[in-house]
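Colleague: I have some time to go through this model with you. Can we start with the charged pairs and then move on to the rings?

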Amino acid sequence: MRYRCASPNVRHHLPLLSTPLKDCSFMRLSRLFLPTLKENPAEAVIVSHRLMLRAGMIRQHAAGIYNWLPLGTRVLQNIAKIVREEQNFAGAQEIIMPTVQSGELWKESGRYDDYGPEMLRIKDRHERDMLYGPTHEEVVTDIFRNNAKSYRNLPLNLYQIHWKFRDEVRPRFGVMRGREFLMKDAYSFDVDFERSKHSYNQMFVAYLRTFARMGLKAIPMRADSGPIGGDMSHEFIVLAETGESAVFCHKGLLEKPAPENVDYQSNLQAIIDDWTSLYAATEEKHDAAMEAKLGADLVKARGIEVGHIFHFGTKYSAAMKAQIAGPDGQPLTPLMGSYGIGVSRLVGAIIEASHDDAGIIWPEGVAPFRVGIINLKVGDAACDAACTDLYAKFTKAGVDVLYDDRDERAGVKFADNDLIGVPWQIVIGPKGIAKGVVELKRRGSTEKEEISLDAALNKFTAK
RNA sequence: CGGAGCGUAGCUCAGCCUGGUAGAGCGCCAGCUUUGGGAGCUGGAUGUCGGAGGUUCGAAUCCUCUCGCUCCGACCA
């Protein structure tokens, strides 16, 4: 393993109070706890799992349960940030519900017996039935019924980004199919079907934007919606060559841009219709006759499910007697929907969709660091000075920067920076410095550009 | 949950069939040389051979049990 233990005083040179620094991450690679692996671990079969282990993002703790190391944690948090922003834009409100839940609520909804061994059941010291939450419909419905009083409290959409546990029979594919996983789950409450559908549409649009911001092509596909029927359940499938299931869709869906400048209060139905009018289906539900008609417009690809939204009406609100006063003063049972995004799974999905032989290619929105400074000759006064100066300026300007100040050979540094997928790499060596230039490389492209130090600085700090 | 396989150094793995007391490459530590795509030489550290029991003079190796992990299939954010 190639790492040194990070000191808790890494940032001791910074002012502790009234810091002028913007919210950004910055780190010297010599201090980063980054245990990269040169060889492929035997346990990992798919590329995202291999790369996450090799890039020092995660380590397995038990089957389907992972430790997230600093690099992986940064990516996970960047993804969560995008999810959170888009949920907030769409009008959802963030809460945090317990991971360990009381079994009583599940007995009320009837799912305590229905759920099966996927649910991890625990007894506390008083022999009470507890469980580690695989989902939170019961808890959120309980929150609602205890605290919402009137139709005037609606519409309401509560979400959380939290860890869940499902005791899968066969966890695999690293974080793509773990037992413990980080998920965004939102729950909407509305007075009638039309308004409930609007809540559903808000999430639909938010999802389109969320995945696009992560650099993903995510296609909404009609999914089983249970007893409610209709078109009120969609899976969002990320297209990736190594995806777990085959998907079929109209090629127009691949070029469709995510909606911008959305007014979430306005009627969003036209956007939903635009996206759902084109054919898209997973392997299980595909229709050979429809596909034959598409001809050259048919795209066959592979995909990973990263989101699922559905409307389920009064299933939980009725079972758990979550009633509020309606406009006429009579009790009203709200209609509900729930909306999931697999946040930890997305880390794997993004890698599946974006990598090459050298390693991960992070889209800028989720990269653990945006810019890498690679000092090719640590100990050379000119190189050191140029690097530390640039590093300090990036830090001050709020640019997420990783400075590779390790006393390693050039090849090692290039390999590690490529492996962990730093999107922009500024290579600073004695030859360039003598000419007053550095080399700028874009991860994933073979192009290299020689520019001045000032130009490199401006490229990432200019508005 | 059915079927298959694997646990030996931080990682990848050899040794097991045919029992004789622990190995290689990479990584790690020290030194010298090197220095623009995972360097070279020299020296060094590292293992309860997953665990328990058994057979044997002797077990990484054979037997039994057990724990963990992985793969294929059925199931899922």
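Modeller: A salt bridge here is a side-chain nitrogen of Lys or Arg within 4 Å of a carboxyl oxygen of Asp or Glu. R195 and D192 meet that rule, with their closest N and O atoms 2.7 Å apart. Keep in mind that this is a predicted model.

Colleague: How accessible is K107?

Modeller: K107 has 39% relative accessibility, so it counts as partly exposed.

Colleague: Which ring does the charged end of K107 sit over?

Modeller: The ring of Y112, with the charged end 5.0 Å from the ring centre. R121 also lies over the face of Y112, at 4.8 Å from the ring centre.

Colleague: Which residues are linked in a network of salt bridges?

Modeller: K81, E85, E86, R209 and R213 are linked that way.

Colleague: Rings next. How many aromatic pairs does the count give?

Modeller: The count comes to 13 aromatic pairs. Among them is F211 with F236, a tilted pair with 5.9 Å centre to centre and 45° between the planes. This pair links distant parts of the chain, F211 being in helix α6 (residues 193–213) and F236 in strand β11 (residues 233–239), 25 residues apart.

Colleague: Why do F211 and F236 count as buried?

Modeller: Buried means under 20% relative accessible area. F211 has 1%, so it is buried, and F236 is buried because its value is 0%.

Colleague: And why is the pair of F394 and F460 edge-to-face?

Modeller: Planes over 60 degrees apart count as edge-to-face. The planes of F394 and F460 are at 80°, with the ring centres 6.0 Å apart, so the pair falls in that class. It links distant parts of the chain too: F394 sits in helix α12 (residues 381–397) and F460 in helix α15 (residues 453–461), 66 residues apart.

Colleague: What is the relative accessibility of F394 and of F460?

Modeller: F394 is at 0% and counts as buried. F460 is buried with a relative accessible area of 5%.

Colleague: Back to F211 for a moment. Which residues do ring pairs link into a cluster?

Modeller: F204, Y207, F211 and F236.

Colleague: Last topic, the domains. Where are they in chain A?

Modeller: Domain 1 takes in 1–33 + 369–463, and domain 2 takes in 73–97 + 136–356. The C-alpha centres of domain 1 and domain 2 lie 38 Å apart.

Technical notes. Residues numbered from 1 in each chain as written. Chains lettered and ligands numbered in written order. Predicted model: local features only at pLDDT ≥ 70, side-chain atom pairs only at ≥ 80, totals over all residues. Heavy atoms only, no water. Phe/Tyr/Trp six-rings, centres within 6.5 Å; stacked < 30°, edge-to-face > 60°. Helix = DSSP H or I, 4+ residues; strand = E, 2+ residues; numbered from the N terminus. Buried < 20%, exposed > 50% of the residue type's maximum accessible area, 1.4 Å probe, protein only. Lys NZ or Arg CZ within 6 Å of the ring centre and 35° of its normal. Domains from an automatic or database assignment.
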